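Here is a short briefing on pockets, a sheet and a helix. Look at the model first, then read on.

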Amino acid sequence: FLYYRDHTKGRILAARKEIEMNSNQFLETALKLTAKGKSVFPCVPNQKNPATTRGFNDATRDEATLRQWSSKWPNANLGLPTGEANGLVVLDVDCEGDKDGEAQLAKLLAEHGPLPETLEVKTPRGGRHIYFRHPGTKVPCRTNHPLPALDVRGDGGYVLIPPSKVGDGEYSYLTRHSPSECPAWLFKILL
């Protein structure tokens, strides 16, 4: 009986520790990004939807707000606004169902050459986000542009970042390079 009680207690403590860890992951990641000058915001746990009423417009670098959010939504996903606000443009390569963004990207690379080493994140459905520095000129968000299964996240958009989870998958780093300058040929076709 004592073993059973200890075992149950252990499961309860493990569950509490997992909740605390998720909360700490949100807060730790948010604080690391804000230290680098990036604004972030919470998204609904296991979803891409913002948890706040104004969505990415609520993004902040304020530590007190981030702590409040991590208490209110301990399992929140972490959203990162794209565009001039955070100095980022993201090429979203979709690979889900009949979408083959990798094949579409390969067409562009065959014509124009390779992409520079840059930050890349694996998405839960097998695609990836390729990060570039914002060029200082408005870059609109677009879907299926410049080709099907390729999306652009620029001004007025956002992406989820690790350690966010959606469905059975999670966002994870493929590379940890700093975002590089967007190649001129790619910048031209993203607009």
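Helices (H or I, at least four residues) and strands (E, at least two) are DSSP runs, numbered from the N terminus. This is a predicted model: local features need pLDDT of at least 70, side-chain atom pairs count only at pLDDT 80 or more, and totals for chains, interfaces and linings use all residues. Residues are numbered from 1 along each chain as its sequence is written, and side-chain values use heavy atoms, without hydrogens and water.

**Largest pocket**
- Helix H1 (residues 2-35) supplies the largest share of its lining, 5 residues.
- The lining of the largest pocket comprises 11 nonpolar, 4 polar and 5 charged residues (Ala, Val, Leu, Ile, Met, Phe, Trp, Tyr, Cys and Pro count as nonpolar, Asp, Glu, Lys and Arg as charged, the others, Gly among them, as polar).

**Second largest pocket**
- Its lining has 8 nonpolar, 4 polar and 9 charged residues.
- S7 gives the most to this lining, with 3 residues.

**Sheet**
- An open antiparallel sheet has 3 strands in the order S1-S2-S7 (two strands pair if DSSP finds at least two bridges between them).
- Strand S1 (41-43) and strand S7 (158-161) are the edges, each pairing on one side only.
- Strand S2 (residues 77-81) and S7 pair over 4 bridges.
- Leucine 78 has isoleucine 161 in S7 as its bridge partner.

**Helix H2**
- Leu66, Trp69 and Ser70 of H2 (residues 63-72) are buried (under 20% relative accessible area; exposed is over 50%, partly exposed in between; 1.4 Å probe, protein chains only).
- On the other side of H2, Ala64, Gln68, Ser71 and Lys72 are exposed.
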